[in-house]
Amino acid sequence: MPSCSSNKKATALSKNYELVWADEFNGNNVNLDNWSFILWNAGKVNNEWQQYVENTDNYKIESGILYITATKTGENKKGGYTSTRLSSQGKKEFKYGRIEFRAKLPHGTGTWPALWMLGSNHEETRWPLCGEIDIMEYVGYEPNIAHTNIHTKSDYGYTNNKTAVNLKTAEEEFHTYGIIWTENAIQFYIDSPENIKNTYAPSPKTQENWPFNQPFYLIMNFAVGGDWGGKNGVDETIWPQTMEVDYIRVYQRK
């Protein structure tokens, strides 16, 4: 049972923040005012096996849910899979706020879905100097463990700025994966803003450890295999697999 103090904090948070943007996926197709399809060949990053395509075999919106599906289209190796990657770069970018995704995750060894953000100066400074906020990453060989990560120039790749959260129903139920991002800190939570699981607040702040004083854009993708997702191989018998996203909501201080 939440304490009285945590209830007060949650109430204060809801009063101090207002909804400024959302995608509830209530239409019949991906809203191109919000999202761009990113088209990549397999292996472009992280030795991932999937090709990112714009193909309705890999995405759909139905009954208020976005379905992002990775499917096996060839041999069980790099290039043998297709999937979808959506980015809000240049369309919906935000600086600070409470940002949350509500999603249900796929299962099986070799799955690697993510809900995350990159700094809007990515094209100029490139990664990792632009900064990265991984609101949710999931590798199927570790079922029911949701990961959060921060990547900066001072600590990137297999970063130390991370946490792993046991979430027994990650694959069976929708959960809310969110951050509270201010000029001082990024706090990661699951299901409720008072359920903080990790806080990133370096001091002193420098360009190399705090690129989080600029707008960031949103990314949703479902990778297959790769350096992390494929660490224990890829089970070729499980496909297709789908990440379901109920909504994305962005709140900012009044």
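**Close-up views of a predicted model**

View 1. Arginine 126 counts as partly exposed, because its relative accessibility is 41% (buried means under 20% relative accessible area, exposed over 50% and partly exposed in between, with a 1.4 Å probe and protein chains only). The model is predicted, local features need pLDDT of at least 70, side-chain atom pairs count only at pLDDT 80 or more, and totals for chains, interfaces and linings use all residues. Residues are numbered from 1 along each chain as its sequence is written, and side-chain values use heavy atoms, with hydrogens and water left out. Arginine 126 is found in the loop between H2 and E11 (helices, H or I, have at least four residues and strands, E, at least two; both are DSSP runs numbered from the N terminus). Its phi is near 65 degrees, a positive value in a residue other than glycine. Most residues other than glycine have a negative phi, and most peptide bonds are trans.

View 2. The model holds 15 aromatic pairs (rings of Phe, Tyr and Trp, the last by its six-membered ring, pair if their centres lie within 6.5 Å; planes under 30 degrees apart count as stacked, over 60 as edge-to-face and the rest as tilted). The ring centres of tryptophan 40 and tyrosine 52 are 6.1 Å apart and their planes stand at 55 degrees, so the pair is tilted. Tryptophan 40 lies in the loop between strand E2 (36-37) and strand E3 (50-52), and tyrosine 52 in strand E3, so the pair ties together parts 12 residues apart in sequence. Both tryptophan 40 and tyrosine 52 are buried. The charged end of lysine 44 sits over the ring of tryptophan 40, 5.3 Å from its centre (NZ of Lys or CZ of Arg within 6 Å of the ring centre and within 35 degrees of the ring normal).

**View 3. Tyrosine 200 and tryptophan 210.** The ring centres of tyrosine 200 and tryptophan 210 are 6.0 Å apart and their planes are at 20 degrees, so the pair is stacked. Tyrosine 200 belongs to strand E16 (residues 196-200), and tryptophan 210 to the loop between E16 and strand E17 (216-224). Tyrosine 200 is buried at a relative accessible area of 8%, and tryptophan 210 is buried at 5%. Ring pairs link Tyr96, Trp181, Tyr200, Trp210, Phe212 and Phe216 into a cluster.
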